[in-house]
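Please read them with the structure open.

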Amino acid sequence: MLDRLIANVRGLVAETDMATLGRIRESARLVLLTQDGPLDLADHDTWLARQICIDYLPGALEHFIALPSGRASEPLLDGRSARQVLDEQLALIENRLGELATRSYRREADGLLIHARFLADSLRPDPFRARLDELAGHEPAAELVAAAEPVPVEVSMTASEPAARTRERA
């Protein structure tokens with residue numbers, strides 16, 4: 001995206017500016033090209049990175065290049081030179097894109113960590129199965145034995161039950 005802009009300003013700006021532009025291009029690539037498919041301009045970071053690349057950076061360079069090159073070091077109305085103003089703008093753009101690239105990386109890394117936790121949870125050994133295997137390997141399996149004869153069951157009556165039986169007989 002910025003390759004053509006950088007090629008167009010080569011020779012019109014200092015080599016230090018070219019180095020800064022190279023770093024800006026790399027940061028922009030990290031922010032914008034990590035996505036497959038079209039850019040999600042609803043995401044503020046993506047929108048801002050795109051604006052920097054297509055508007056803010058070209059605008060800064062165009063305004064600087066439009067000035068007579070011999071006067072770039074002369075003070076402007078606020079006391080700074082055109083060279084200082086351009087350096088400040090490039091530094092601001094570089095810093096902001098660096099922040100955006102870091103956030104973009106963190107989002108991608110968060111996705112990797114979330115997926116790792118999902119896999120760890122999904123593929124961990126089943127504790128129930130592990131316990132069954134442990135019991136089967138270390139202790140004899142308990143056998144179910146059917147009683148040969150029915151076991152008598154004692155029934156006890158509560159205080160209200162005799163009254164209920166008396167009503168039934170009546």
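Predicted model: local features only at pLDDT ≥ 70, side-chain atom pairs only at ≥ 80, totals over all residues.

1. Helix H2 covers residues 15–32, and its axis comes within 9 Å of that of H3, the two crossing at roughly 155°. Angles over 145 degrees count as roughly antiparallel, so H2 is roughly antiparallel to H3. The crossing of this pair is left-handed.

2. On the H2 side, the contact with H3 is formed by Leu21, Ile24, Ala28, Val31 and Leu32. H3 contributes Asp45, Thr46, Ala49, Arg50, Cys53, Leu57 and Leu61. Sorted by class, this contact of H2 with H3 holds nine nonpolar residues, one polar and two charged.

3. Helix H3 (residues 44–66) also packs against helix H4 (residues 82–123), at an angle of about 165° and with the axes 11 Å apart. H3 and H4 are therefore roughly antiparallel to each other. Their crossing is left-handed.

4. H3 meets H4 through Asp45, Leu48, Ala49, Ile52, Tyr56, Leu57, Ala60, Leu61 and Phe64. The H4 residues in this contact are Ala82, Arg83, Leu86, Gln89, Leu90, Ile93, Arg96, Leu97, Leu100, Arg103 and Arg107. The contact of H3 with H4 has 14 nonpolar residues, five charged and one polar.

Definitions and conventions
Residues numbered from 1 in each chain as written. Heavy atoms only, no water. Axes fitted to C-alpha atoms, helices over the stretch in contact; angles between N-to-C directions. Helix = DSSP H or I, 4+ residues; strand = E, 2+ residues; numbered from the N terminus. Parallel < 35°, antiparallel > 145°, perpendicular 65-115°, else oblique. Left-handed = near helix turned anticlockwise from the far one by under 90°. Contact = heavy atoms within 4.5 Å. Nonpolar A, V, L, I, M, F, W, Y, C, P; charged D, E, K, R; others polar.
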